[in-house]
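Student: I have a structure to go through with you. Could we look at it together?
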Amino acid sequence: MKKRKLILLPVFMLLLAGCKGPVSSASVEDSTPPVTDVVDDSSEEAPDTSEEGPVAAIEFGADPFDGTAATGVAGVGVALYYDAKENGVAVAFDKVTFTVNTPDGVLFAPVIGLVEKLSVYYLRALEPGDYTVTLSVKDSAGLVATTTKVIAVSTGDLSGDVNAIKAAIAAIYPDNIYTNLDYRTSEGVFNEWVVIGKNFTVFDREDYTGNYATAFIPFARFAGGEPLVDFTISFKYTTLNQVWKLLFSFWTGAAGADDFAGDYLRLLTNRNAIGIQGDAQQASEWQDEGEATGIPLKEGPVWIKFTRKVTKVADDNYTVIFKLYTSTDGATFTNNTTAVLENQTNTAGKTAGAVTGFLPFSIDNDFIIEDLAVSGNVFTLE
């Protein structure tokens, strides 16, 4: 297993990003640099523009950055959003450019990157500091309007308080429950390749090698904030490569007294298959097979709903039913697999125990997960 530490990232990113200076998404999308600024008419006297050139016909929303986070953590990508219209029509993505300054004292230039499959730009700052991001929007006449936002980036140094770092990452987009990055020394630190958005998390390694831990979703992030017996886990999965798998490892028991319960869900991207706990392929070598086959994980995206229903038969005797549903349009779902497990127990680490959290763990798989949600309601097709 290849091990890397975050401290290596700035050197690598410096080679990619070049020396200190403004960084632009124009280099990604080859768009025209800003040529005109939006006039700030909030002052008492509006400036005299009679001798200036024409102004871009762009109307920014009340928040031109459309809820873009005001904070970040060094090494973690922060998704950038915009709200701009021309003649009442939302401006197309290809008319938008982001640039960012490099604050004084920062040695390694920040990066404006692009999540191509989502058409979302992001800022990745490699050191703490206040980064001024400029949003530039081109109108149909080729004129450009601009506005700015400051994103305060805190430290990502792993020699600091790891729990504080995790909390700072979770606070970037607090409605995204898939942000509790896993910094366990035993698994290595590969999370410098993460990008966090309002409703998505991207794990995209630059070199596509090695195993790495992703993020732990604790019960505090479930709907209701409590461990769940019956549940539905929903999300949209998009692969960024076509190799091996993404395992979902679960913990069960009481809060504070739980234990590892196994890999309940396995996305086998390389085989276009999905397996669940107790299915006919549960005992396959390395859990490399799944009963649900022909799932277009390589082509994607795929919407997934994974459910569990627990019924008490007698003391220390429970029947557990797992079901897997998938969709290729996000609306019409198919029940691919049902696994019925009898004579189960509900103590810590056992299949019928209340779920206290789960960890999506990648093995050579790079991916995007959107709209992750955990509910105590069991999804059905009825």
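Student: How many bridges join strand β5 to β6?
Tutor: In this predicted model, two bridges join β5 (residues 84-86) to β6, and the strands run antiparallel.

Student: Which residue is the bridge partner of glutamate 86?
Tutor: Glutamate 86 has valine 89, in β6, as its bridge partner.

Student: What is the strand order of the sheet?
Tutor: The order is β2-β5-β6, an open sheet of three strands with antiparallel pairing. The edges are formed by β2 (59-60) and β6 (89-90); each has a single partner strand, so one side of each is left without a neighbour in the sheet.

Student: Changing topic: which residues touch the most other members of the largest nonpolar core?
Tutor: Phe235 and Leu267 do, in a core of 62 residues. Strand β25 (residues 367-375) gives the most to this core, with five residues.

Student: And what does leucine 267 touch?
Tutor: Not counting residues up to four places away in sequence, its contacts include Phe235, Tyr237, Trp244, Leu246, Phe248 and Ile304. Lys245 is also one of the residues that leucine 267 touches.

Student: Which residues does the second core include?
Tutor: That separate core has 23 residues, among them Leu80, Tyr121, Val137 and Val153.

Student: Where does glutamine 277 lie?
Tutor: Glutamine 277 is in the loop between β19 (273-276) and β20 (292-293).

Student: Is glutamine 277 buried or exposed, and why?
Tutor: Glutamine 277 counts as buried because its relative accessible area is 11%, and buried means under 20%. Leaving aside residues up to four places away in sequence, glutamine 277 touches residues including Asp263, Tyr264, Arg266, Phe322 and Leu341.

Methods:
Residues are numbered from 1 along each chain as its sequence is written. This is a predicted model: local features need pLDDT of at least 70, side-chain atom pairs count only at pLDDT 80 or more; totals for chains, interfaces and linings use all residues. Side-chain values use heavy atoms; hydrogens and water are left out. A nonpolar core is a set of buried Ala, Val, Leu, Ile, Met, Phe, Trp, Tyr and Cys residues joined through side-chain atoms within 4.5 Å. Buried means under 20% relative accessible area, exposed over 50%, partly exposed in between (1.4 Å probe, protein chains only). Helices (H or I, at least four residues) and strands (E, at least two) are DSSP runs, numbered from the N terminus. Contact means heavy atoms within 4.5 Å. Two strands pair if DSSP finds at least two bridges between them.
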